[in-house]
Amino acid sequence: MLLPDHSYVTTDSLKECLRLLGENGDRAMVVAGGTDVIFNMRLKLFNPEVAVSIRKLEELQHVEELDDGGLRIGAGARLTDLEEHATINDRYPAFAESIRAVASTHIRNMATLGGNICLHTRCSYTNNSEEWRKGLKNCYKTDGNICHVIRSSSKCLAINNADTPLALIVLGAVLTLQNADGSREVPVAEFYTDDGMDHTVRQPDELLTYVTIPPVTDRTTFLKLAPRKGMDFSTVAVAARCDGAGTDVSTVSIVLGSISTNPIILDKPARIVSQKGLGDEAIAEALNHVRNELGNLTNLFSRASYKKQMAVVLVRRALIALRES
Amino acid sequence: MAKHMMTLTVNGDTYDLVVSDNQTLLDVIRDTVRLRGTKRGCTTGACGVCCINNAKGEAVLSCITHALDWDGESITTIEGLEANGELDAIQKAFIEFGAVQCGFCTPGVIMSAKAIVNKYPQPTEEQINAGLAGVLCRCTGHVKVKEAIRQDYRIREAGREAAKNATSN
């Protein structure tokens with residue numbers, strides 16, 4: 001089965017790639033591992049006129065140790081290479097865990113870190129064949145003006161299922177976006193928007209080139225719940241970080257994923273455990289506030305009530321894991 | 001659709017191919033090189049029957065990658081496991097343990113199994129599970145497949161032993 005018509009260009013030079021993206025703008029789409037882009041092309045959710053392949057762009061595939069003890073990872077690095085990388089496992093175990101949580105070995109052998117960070121949002125209505133979708137009017141994601149999941153919604157509510165950004169957010173990682181004219185730095189925490197169609201701040205002429213993680217000595221953890229353990233998108237995933245030792249902490253951060261269009265950085269629960277420590281009582285109190293911060297949940301892929309309950313369970317497990325690490 | 005020349009080494013044979021922009025690696029393996037062992041399943045990366053091995057011996061899915069991305073690279077398909085008329089140890093193990101029912105997924109399962117033993121000659125339960133997670137068998141399940149993978153090492157060693165004895169005699 002051939003892919004929909006488009007032209008393919010490949011380049012082994014970053015400069016040339018940025019020129020191509022600048023020239024083609026909206027008409028172009030970057031393909032690295034292909035596991036997300038080609039999947040979406042099959043469903044006709046992505047219809048690029050030009051596919052710009054960066055698979056052979058070697059300068060984006062390295063992991064570089066920085067003088068300050070941090071790491072700079074090329075966005076084109078394969079997930080398999082990163083999950084086995086000794087320094088990543090050593091310095092950022094939660095990040096390594098979030099990489100291993102992505103899909104299957106087969107997919108990770110192809111997929112890249114940049115691809116997972118830019119992973120397209122998913123919806124149980126639109127993520128079907130074009131024929132299947134014909135049964136209903138076009139929704140926001142397919143150039144219509146309605147959301148079939150929540151009729152009253154004024155925007156697309158598709159879910160962001162990426163796992164690695166959660167760990168990157170708690171680690172305080174920063175993304176480098178480059179276009180032909182220059183580059184800018186965007187913290188991962190500010191990379192996502194709440195619009196399911198246009199869910200990142202990356203512009204069409206920009207390429208995500210590097211992920212920079214600062215040195216972190218705090219305790220971190222990453223947990224994922226999915227319908228199937230071996231290979232599935234998350235029902236809920238959580239990344240958390242704290243300083244101190246045992247129940248003694250002063251700063252805790254908790255990020256939930258696969259709940260909504262952007263990762264949810266929990267505010268009040270994190271504040272409660274930051275002030276009161278990681279004792280059983282403080283954790284129980286913090287969990288009471290998790291549901292309030294999940295926003296308008298949809299029934300996408302699993303019931304909203306189940307998702308909310310599991311979010312609470314995963315946050316509890318994460319906080320206990322932090323306490324015991 | 002624009003067409004381009006590319007070079008692809010499949011099972012040790014190098015082909016100069018004319019490939020169009022919208023062909024996947026699977027399209028080229030099946031329709032241009034005409035090796036039909038690699039199967040076309042979901043074509044969206046969920047079922048794993050299109051699994052082949054890349055030059056490093058890792059399992060990758062040929063249905064969700066542009067063929068032109070593989071210009072100059074070397075791949076192994078199910079047809080490439082047999083050497084000099086003799087089946088690979090992993091294939092022998094699959095036969096011995098009946099790790100096949102309808103057979104449709106078998107090329108994908110065997111290439112995934114091959115990738116596991118390439119990386120871990122004596123894989124643990126966890127490594128086998130992780131390596132098989134991306135490939136689905138809908139009739140017989142993974143129990144016999146896992147049994148076959150566990151026996152691959154023994155069969156490979158027996159083969160080596162036999163070859164050594166044959167030369168010393």
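1. Of the 325 residues in chain A, 51% are buried. A residue counts as buried if 20 or more other C-beta atoms, placed from the backbone, lie within 10 Å of its own. The model is predicted: local features need pLDDT of at least 70 and side-chain atom pairs count only at pLDDT 80 or more, while totals for chains, interfaces and linings use all residues. Residues are numbered from 1 along each chain as its sequence is written, and chains are lettered from A in the order in which they are written.

2. The overall dimensions of chain A agree with those of a compact globule, because its radius of gyration is 20 Å and a globule of 325 residues would have one near 20 Å. The radius is taken over C-alpha atoms, and the globule rule is 2.2 Å times the number of residues to the power 0.38. Along the principal axes, the C-alpha atoms of chain A fill a box of roughly 60 × 50 × 35 Å.

3. Chain A holds 12 helices and 12 strands. These are DSSP runs numbered from the N terminus, with helices being H or I of at least four residues and strands E of at least two.

4. Strand β3 (residues 50-53) of chain A runs parallel to strand β1 (residues 7-10) of chain A, joined by four bridges; Val9(A) has Val52(A) as its bridge partner in β3(A). Strand β2 (residues 28-31) of chain A also pairs with β3(A) in the parallel sense, over four bridges, and here Ser53(A) is the bridge partner of Val31(A). Pairing requires that DSSP finds at least two bridges between two strands.

5. Chain A is divided into domain 1 (1-122 + 158-217) and domain 2 (219-324), with bounds from an automatic or database domain assignment. The C-alpha centres of the two domains lie 25 Å apart. In domain 1, 29 residues are in contact with 23 residues of domain 2, contact meaning C-beta atoms, placed from the backbone, within 7 Å. On the domain 1 side, α9(A) gives the most, with five residues. That side divides into 16 nonpolar, eight polar and five charged residues. Here Ala, Val, Leu, Ile, Met, Phe, Trp, Tyr, Cys and Pro count as nonpolar, Asp, Glu, Lys and Arg as charged, and the others, Gly among them, as polar.

6. Between the chains, 28 residues of chain B are in contact with 26 residues of chain A. The elements of chain B that give two or more residues to its side are β4 (59-61) and α4 (125-132).

Terms used: Buried ≥ 20, exposed ≤ 12 C-beta atoms within 10 Å, placed from the backbone. Contact = placed C-beta atoms within 7 Å.
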